[in-house]
Amino acid sequence: MKQQTNKFELLRDKEIISILDGDKQFGTLEIDGKDSGIKIEMPYLSGPTLCEISKRCGLPASYLRNGSAQSRWVYFDELMDYCIQNNRISDLLSFLFSKEQFMNTLKGRSPAHIEYAHTQIVKTVIEHINSILYFGGNELVLIGKKFLIREIGTNISVEVPAVERITREYIIDLSNRAMKNVADRNYDSAITQSRTLLEEVFCYVIEKKGETPSESGDIKKLYSQVKQLHNMHQNKEIDKRINTLLSGLEKILTSIAEMRNIGSDSHGVGARRINIEEHHARLLVNSAMTMADFILAVSEKQQSIS
């Protein structure tokens, strides 16, 4: 544990801090081949903001005005040092990279654009941090919900925290909320909730197997992991009609993933955008609920016989 904690000292590099505190910009984000005007950068952290974050993490800090305040770099470096020493650096990074931190940057955008922009900004920022860490043979990675610094090319397993129990009642409740959005004509939100439902169920049944979910956000990879862990590959010994149903489930998943993908026609802009109507949204929500319920049932059956 000590070695892993010490590796986080690498993030105290002045150039990395200038990335994390919002001083560095990496151009603007392109969406559907057009400049979105969204800057690829971390939110700018002022001195007072850094003091508030420090207090949130348990480090007393005050911003002295009238020219007596420390530089932003010093505030941030002291915060990093405190979090490293108290094993809270992953929590700090999770907070800094959280979607809520980008609210001012992304407000006014559609839910799909917010999801896409946040993912791309975080990915790009981490890539630039890793371009600095690369020459020392290290990289910053997110495994499960925990940030780690590891040697390039090595695998680090982390303890997966106990997950809350997902039940059919939970699936029904989330589906009902998605249907309410459909009734309110908030189709993008309904699509987002449908995809979230599937991702949560996939992660849940993977963790129940004692494994860590694969790349967060890639629903197809999560489903592939579910199939592998639960032996759900089509089997010639199973009735052909059952295999047809399983094949149909995969097509449902592909459709939902594409509807939710910012690069697909469903979330394009201008002439490329396909307008989703209420009956389409209802079909999508009901399909996601059916698949989530099926995957949960497969998991529960395997648990009962193991």
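1. A cavity, as the term is used here, is a set of grid points where a 1.4 Å probe fits but cannot get out. The structure under review is a predicted model, and the largest cavity in this model holds about 30 Å³ of space. With a threshold of 30 Å³ or more, the count is one cavity.

2. The lining of the largest cavity consists of L174, S175, A178, Q193, S194, L197, V285, A288 and M289. Sorted by class, the lining has six nonpolar and three polar residues, while charged residues are absent from it.

3. Strand β3, which spans residues 138–143, is mostly covered, with five of its six residues buried. Its partner is strand β4 (residues 146–151); the two pair in the antiparallel sense, and six bridges connect them. Within this pairing, N138 has E151 of β4 as its bridge partner.

4. Between β4 and α8 runs a loop that includes T167. Is T167 buried or exposed? T167 counts as buried because its relative accessibility is 17%, and the cut-off for that class is under 20%.

5. The side chain of T167 also takes part in a polar contact, in which the side chain of E169 is the other member, at 3.2 Å.

How values were computed
Residues are numbered from 1 along each chain as its sequence is written. This is a predicted model: local features need pLDDT of at least 70, side-chain atom pairs count only at pLDDT 80 or more; totals for chains, interfaces and linings use all residues. Side-chain values use heavy atoms; hydrogens and water are left out. On a 1 Å grid over the protein atoms alone, a cavity is a set of points where a 1.4 Å probe fits but cannot get out, and a pocket is an open set with protein on both sides within 12 Å along at least five of seven lines; lining residues have an atom within 4 Å of a point. Grid points are joined across faces, edges and corners, and a volume is the space filled by probe spheres set on the points. Ala, Val, Leu, Ile, Met, Phe, Trp, Tyr, Cys and Pro count as nonpolar, Asp, Glu, Lys and Arg as charged, and the others, Gly among them, as polar. Buried means under 20% relative accessible area, exposed over 50%, partly exposed in between (1.4 Å probe, protein chains only). Helices (H or I, at least four residues) and strands (E, at least two) are DSSP runs, numbered from the N terminus. Two strands pair if DSSP finds at least two bridges between them. A polar contact is a pair of N or O atoms within 3.5 Å; within protein, one must be able to donate a hydrogen and the other to accept it, and residues adjacent in sequence count only if both atoms are side-chain atoms.
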